[in-house]
Amino acid sequence: IRDRCALATCVLHVLVVAALAATREDLDAALDHKEDAVRDFKASLESAARDINLYNSTCEMYSACSAELRDPFCNFNYGNTRGCGCNEGRTIDARNSVIKTSPKLGASSYSVKRTACEANHINANLTSLYDSMIELGDAKWLFYGSKDGVLINFPGIVWDEDIAEDTCGTTYDARIRPWHMTGATGPKNVILILDTSGSMSTYNRIDVLKRAAKAVLDATTFADFIGIVEFNNDARTYEDLTTLARAMPEFKEILFGFIDGFSPGGSTNMLDGFKRAFKLVDDSNEKNYGAGCHTTYVLVTDGEWAGEGNPTSTIVDRQITHSDEHFFVVGLGDDKEVFVGLKDLSCKTGAIYTQTNDGDESGLQRAMISFYKYYALFKTLNKVEGYSWSEPYESIPSIWGPMTTVVAPVYDKSREP
């Protein structure tokens, strides 16, 4: 069943250095042209959502993980792909899209089919847009990420294999890429409240948490403000920081190092973790150093609080005067009986609760980043339109190095909520 709350993101991928122009006027003209292209891309996708009939459609599309493309040729501007059929260069298809998905996304067959049908429906538009971009010399890709993490890429490419794992990007999730997060959420404060108590040494939970936390930070953009609170017997921030900080690449690297230093031990003083997180936000607000918009708290823990460390009443009291704050609670582990208290906390505070099993790293990442769905829904219901430019980031597959994208949200307008 299709509904208007299905928000996705379309982008035009631009080589950063190629965006430089001789004059400011030239640069403005180049950027305007790209925004116009994304506007047309977005309009085509929204039209496809209204026009296609999934139940009577067979939507065939080559996978980015296949060994071949429909209409391949070797292009020297896209780097090299091992085993793609080109002695030099990368195999691409400048007339057809490819689809990228993975069982780890949890996307239904219906969702994958729908995304493929939409791409097939707008293929002529994509070809025309790409040709017009190539004439100006600095556009590389047009792509579209669905709300379920499925990726459509134009021109079609053969995805790089992870040689160490002999896999084709199985952990890739469009929803946690900076371009998707920029288009789907907008500016926000994000505070991760992370349990490093002794039980986190069980089943390698601490290492799984470290990687998932870094993936979440990697998805934030320069428009966001971020903070991390680690708690066991008590709560700590990096170098005892008292405010949030803008999510610039350099600061995220510093926080990566802080996360790497986590070592499990002690009890689960969850209350102190929330108190420290609230102080971070309050001190930032006093100094007008924050996103000035939504605030998100993401708690990750493998058990209940110790002693009198129940944070429920503290959160409820705060919500009386802080209506723009949102809480997400993630229980890590297989023993559902342990999380009765977390579910009760979530019910009483209106937090969104998710439980992830031991060893399910991609599931933990999805749970920790699930706040994007809330903000995407907010955008949908308020019919927020417009463009955003992402900060420079490394492309996946890694071909050109730093890239930037112009992003627009895409809505299914076939029906109102």
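A residue is termed buried under 20% relative accessible area, exposed over 50%, and partly exposed in between. By this criterion cysteine 293, with a relative accessible area of 35%, is partly exposed, whereas cysteine 347, at 68%, is exposed. The structure under discussion is a predicted model.

The chain comprises 417 residues, 53% of which count as buried. Its secondary structure consists of 11 helices and 17 strands. Among contacts with a separation of 6 or more, 79% are made by residues 24 or more positions apart. The accessible surface amounts to about 17900 Å², and carbon and sulfur atoms contribute 50% of that area.

The structure holds 1 disulfide, formed by cysteine 59 and cysteine 117. The pair links distant parts of the chain, 58 residues apart: cysteine 59 lies in the loop between α1 (24-51) and β2 (73-75), and cysteine 117 belongs to helix α2 (residues 109-121). Their sulfur atoms are 1.7 Å apart. The disulfide is right-handed because the torsion about the S-S bond is about 95°. As to accessibility, cysteine 117 counts as buried at 3%, while cysteine 59 is partly exposed, with a relative accessible area of 22%.

A further site is found in strand β17 (residues 402-411), where threonine 405 is placed. Threonine 405 has 0% relative accessibility and therefore counts as buried. The side chain of threonine 405 makes a polar contact with the side chain of serine 390, at 2.9 Å.

Terms used: Residues numbered from 1 in each chain as written. Predicted model: local features only at pLDDT ≥ 70, side-chain atom pairs only at ≥ 80, totals over all residues. Heavy atoms only, no water. Helix = DSSP H or I, 4+ residues; strand = E, 2+ residues; numbered from the N terminus. Buried < 20%, exposed > 50% of the residue type's maximum accessible area, 1.4 Å probe, protein only. Contact = heavy atoms within 4.5 Å. Areas by Shrake-Rupley, 256 points an atom, 1.4 Å probe, with all protein chains shown as cover. Polar contact = N/O pair within 3.5 Å; in protein donor to acceptor, adjacent residues only side chain to side chain. Disulfide = S-S within 2.5 Å.
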